[in-house]
Amino acid sequence: MANPDPRTALIDRLPKAELHLHIEGSLEPEMLFDLAKRNGVTIPFASATEVRAAYSFSNLQDFLDIYYQGMSVLLTEQDFFDLTWAYLVRAHTDNVRHVEIFFDPQGHTQRGVGFTTVLNGIEAALKRAESELGITYRLIMCFLRHLPEEDAFATLALAEPHLPRIHGVGLDSSELGHPPSKFERVFARARELGLHVTAHAGEEGPPDYVWEALDLLKVERIDHGNRALEDPALVARIAAEALTLTVCPLSNLRLCVIPEIALSPVRRMLDAGLKVTINSDDPAYFGGYVNDNFHAVAQALDLSPEQIAELARNSFTGSFLPPAEQAPHLAAIAEALHG
Ligand code: ADE
Ligand code: ZN
């Protein structure tokens, strides 16, 4: 038998942070079924296999339609706890040591589920993972960009009494036709409140949307950022400011942002000196957790062990952890690379 690729073992043992993960996108078909049954919610599928077969997307909107439908089974604090705990246990097997999790409160409050029900359930699982699995966390509340900015303001108002428990805001959902400029005021308010700010930009949207995220929303990170590569001045700006890009290779493939994994922008971003990270986005829908994403790009782009370690380092230096808390992880990465 041929020797296994040593990069596989390196990826598996490297400590890593996941910075781009929608907790609702970690709802596996089996749990979708269990929760539908527990809560008496009707779903238009007869089996988990049938659900998986429906996960064929030609663009972001195709996926989002199914993703919002999937959320309908999440009703109680226990549901949000179970969802989040299952993700954290799975992430732990990939050696994920820190997570910065997105959640979509409007996807739930619109259905009559209370903001605190969602927050309490997710947070209880995060706290348990911190004490039992040693995974640290930050929680990022996303605004749905297909909805008006007033709805985002109303969501921020719901969050305000709980602010020490929420660390940042993000912007997600249908990108085309909903530029960052639409959310300039609510992001200004979030920054005033001391929240971290990040936004999906350049997944399907043009480089202009990435410029707007930087100049108008004043984001600290860019989620995806693929199309930034079309604009050399933008690439220079992102490199000069050492901004982190949270790229999601298998998501890009499944949403037809790229036609094949070999065309993932990860290597071009590394070559351009950009601080790129690898993430799973919505792993239950896109066929892989964070290590699966690392394996896919390492093989297709023939990344070196040093480049793989750089991606892991970037996940910590691009996180919202203070430098003193990043340091032990960076030392562990050096140890995993050379040890
Ligand atoms: N919500 C969940 N996943 C998303 C993605 N990849 N892009 C935009 N919104 C999302
Ligand atoms: Zn995303």
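This is a predicted model: local features need pLDDT of at least 70, side-chain atom pairs count only at pLDDT 80 or more; totals for chains, interfaces and linings use all residues.
Student: What makes histidine 200 count as buried?

Tutor: Its relative accessibility is 4%. Buried means under 20%, so histidine 200 qualifies. Aspartate 281 passes the test too, because its relative accessible area is 3%.

Student: On to ligand 1. Which residues are around it?

Tutor: The list includes His22, His200 and Asp281, along with Phe63, Tyr67, His224 and Asp282.

Student: How do you know that aspartate 281 makes a polar contact with ligand 1?

Tutor: One of its polar side-chain atoms lies 2.7 Å from a nitrogen atom of ligand 1. The limit is within 3.5 Å, so that pair counts. In the side chain of aspartate 282, an N or O atom is also 2.7 Å from a nitrogen atom of ligand 1. For histidine 224, a polar side-chain atom is 3.5 Å from a nitrogen atom of the ligand.

Student: What stands out in the backbone of histidine 224?

Tutor: Histidine 224 has a positive phi of about 80°, although it is not a glycine. Its place is in strand β6 (residues 221-224), and it counts as buried because its relative accessibility is 0%. Aspartate 281 also has a positive phi, about 65°, and is not a glycine either.

Student: Now the aromatics. How many aromatic pairs does the structure hold?

Tutor: There are 12.

Student: Why is the pair of phenylalanine 57 and phenylalanine 63 called edge-to-face?

Tutor: The ring centres are 5.5 Å apart and the planes meet at 80°. Centres within 6.5 Å make a pair, and planes over 60 degrees apart count as edge-to-face, so both tests are passed. Both phenylalanine 57 and phenylalanine 63 are buried.

Student: And what makes phenylalanine 57 and phenylalanine 286 edge-to-face?

Tutor: Here the centres are 6.3 Å apart and the planes are at 90°, so the pair is again edge-to-face. Phenylalanine 57 lies in the loop between α3 (48-53) and α4 (60-70), and phenylalanine 286 in helix α14, so the pair ties together parts that are 229 residues apart in sequence. Phenylalanine 286 counts as buried because its relative accessibility is 2%.

Student: Which residues form one aromatic cluster with Phe57?

Tutor: Tyr55, Phe63, Tyr67, Tyr68, Tyr285 and Phe286 are in the cluster with Phe57.

Student: How do you know that lysine 16 sits over the ring of phenylalanine 294?

Tutor: Its charged end is 5.9 Å from the ring centre. The distance limit is within 6 Å, so lysine 16 makes the distance test, and the contact is listed as sitting over the ring. Arginine 128 lies over the face of tryptophan 85, at 4.1 Å from the ring centre.

Student: Last one: what makes glutamate 149 and arginine 185 a polar contact?

Tutor: Their side chains are joined at 2.7 Å, and the cut-off is within 3.5 Å, so the pair is a polar contact. A polar side-chain atom of glutamate 149 is also 2.9 Å from the backbone nitrogen of valine 186. Glutamate 149 lies in helix α8 (residues 149-159) and is buried because its relative accessible area is 8%.

Note on methods. Residues are numbered from 1 along each chain as its sequence is written. Chains are lettered from A and ligands numbered from 1 in the order in which they are written. Side-chain values use heavy atoms; hydrogens and water are left out. Buried means under 20% relative accessible area, exposed over 50%, partly exposed in between (1.4 Å probe, protein chains only). Rings of Phe, Tyr and Trp (its six-membered ring) pair if their centres lie within 6.5 Å; planes under 30 degrees apart count as stacked, over 60 as edge-to-face and the rest as tilted. Helices (H or I, at least four residues) and strands (E, at least two) are DSSP runs, numbered from the N terminus. A charge sits over a ring if NZ of Lys or CZ of Arg is within 6 Å of the ring centre and within 35 degrees of the ring normal. A residue is near a molecule or strand if one of its heavy atoms lies within 4 Å of it. A polar contact is a pair of N or O atoms within 3.5 Å; within protein, one must be able to donate a hydrogen and the other to accept it, and residues adjacent in sequence count only if both atoms are side-chain atoms.
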